Amino acid sequence: MVYLYIILLKLQVLHMTINIGFISDAVFPWHVGGVEKTEKIEAEELAKNKNYKVSFICGRWKGMQKTFKDGNIYYNTIMKIDDSKFYKNGRRSIITSIFYAINTFKIFRYRFDLVEVNFFPILHLPIVRLYSKITGCKLVLDVAEVWNKDYWINYLGAFFGRMGYYYMKFSLKMADAYIINSSITANEAIKLDIKKDKINIYSPIIDDKKMLRIKNSIRKKEKRIIYAGRFIKEKRLDIFVDVINKLYQKNKNIKAELIGSGPEEKNIKTRIYNLNLENVIRVKKPYKNQKDIFYEIAKSYVTFLPSEREGLSALSIESIALNTPVVLPNYTPIPKEVKEMCIVESVEKLPDVLNRILSDEKPENYIKNKENLKYFSISKIDTFYSKLFTDLKIKI
């Protein structure tokens with residue numbers, strides 16, 4: 001009997017499951033953002049592996065139950081989030097971030113071998129680090145952006161901005177490993193004394209097969225300019241509207257589409273109305289199904305992203321994978337590996353650039369270095385995490 005017990009125990013150990021927890025206040029598709037979309041893609045791919053149990057510990061957005069299972073992913077919500085209060089004056093609400101950090105203590109109800117934690121909104125990180133120390137769980141930070149001191153001051157003012165910057169520096173050093181979306185973000189982390197050997201640069205965004213099916217289903221593109229994403233100040237959709245207005249003076253046949261929602265929606269609609277562009281720029285709510293957004297991008301002639309703050313730009317990568325060229329202003333912070341695939345020009349020249357693309361019968365000719373898409377394929381997820389688990393000495 002003793003020998004039988006030992007054999008059964010060994011068999012149980014051999015078939016142990018790695019419990020993976022994604023910790024984030026915002027989750028896709030209830031909240032649309034680049035990091036959230038990437039984490040959902042990672043979670044879905046990992047959950048296909050019978051050796052992994054994948055869960056989200058997250059905020060409870062409208063339409064979510066307190067606990068539920070969607071596909072192979074478990075969701076455990078720790079606080080209710082009011083979408084209308086998530087942003088205040090165009091910025092993430094500090095009050096909501098504080099309550100989220102306090103509710104993060106609820107993670108102690110669960111047991112994980114590894115937690116992948118959305119770096120923002122930062123306040124919760126010491127609590128997750130305490131959890132990892134007490135339970136022996138490995139802490140991996142998912143870092144999409146690293147703000148410098150000037151940006152923090154611009155975001156929160158002189159006093160709170162400096163506090164935010166130094167708190168970020170302190171919190172950033174807490175992880176056992178880092179998943180960072182681009183070379184630029186990695187370099188910023190290294191400047192803050194994050195060890196290079198702990199950094200893994202990877203951002204799985206492109207489902208090659210799905211993108212190919214959608215791209216091949218489009219028989220003819222519509223001559224319109226598109227943006228899809230959050231309506232926040234940093235996306236500079238005021239510039240989008242102004243550039244379209246100047247382009248309209250040159251070409252009365254142009255159409256543009258803004259798909260999304262956010263705190264800047266009212267300002268954007270007012271700007272469109274004041275410039276008499278209601279029949280030129282259509283504002284649409286986000287689609288419930290991401291696949292529908294991809295079809296809209298694939299049908300469009302060009303994607304225009306005037307954002308002044310981007311850690312990577314999933315929209316640019318998705319657009320190029322869908323055979324839709326991307327135009328960026330020359331102040332763009334988008335990393336080299338993405339920017340190399342796009343058309344980059346000064347704001348003054350953007351109307352002419354967009355008009356030139358719209359006048360071409362083959363807009364895909366304006367896509368450069370398409371081979372860079374291989375860096376963003378989801379096909380590498382399983383291999384990437386297997387290596388990460390080995391590096392962190394997590395065994396099945």
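## Arginine 111

Arginine 111 sits in the loop between α3 (94–103) and β7 (114–118). Helices (H or I, at least four residues) and strands (E, at least two) are DSSP runs, numbered from the N terminus. This is a predicted model: local features need pLDDT of at least 70, side-chain atom pairs count only at pLDDT 80 or more, and totals for chains, interfaces and linings use all residues. Residues are numbered from 1 along each chain as its sequence is written, and side-chain values use heavy atoms, without hydrogens and water.

Arginine 111 has a relative accessible area of 54%, so it is exposed (over 50%; buried means under 20%, partly exposed in between; 1.4 Å probe, protein chains only). Leaving aside neighbours within four places in sequence, arginine 111 is in contact with Asn19, Tyr131 and Thr135 (heavy atoms within 4.5 Å). Asparagine 19 is 92 residues away in sequence, yet 7.4 Å away in space, C-alpha to C-alpha. A polar atom of the arginine 111 side chain lies 3.2 Å from the backbone oxygen of phenylalanine 108.

## Two cis peptide bonds

Most peptide bonds are trans. The bond from phenylalanine 28 to proline 29 is cis, with omega near 10°. Proline 29 lies in the loop between β1 (18–24) and α2 (34–47).

Phenylalanine 120 and proline 121 are also joined by a cis peptide bond, with omega about 10°. Proline 121 is in the loop between β7 and α4 (125–135).

## Two positive phi values

Most residues other than glycine have a negative phi. Serine 313 has a positive phi of about 90°. Serine 313 lies in the loop between β14 (300–304) and α12 (314–321). Its relative accessibility is 4%, so serine 313 counts as buried.

Lysine 393 has a positive phi near 60°. Lysine 393 lies in the segment after α15 (381–391). With a relative accessible area of 70%, lysine 393 is exposed.

Key: Polar contact = N/O pair within 3.5 Å; in protein donor to acceptor, adjacent residues only side chain to side chain.
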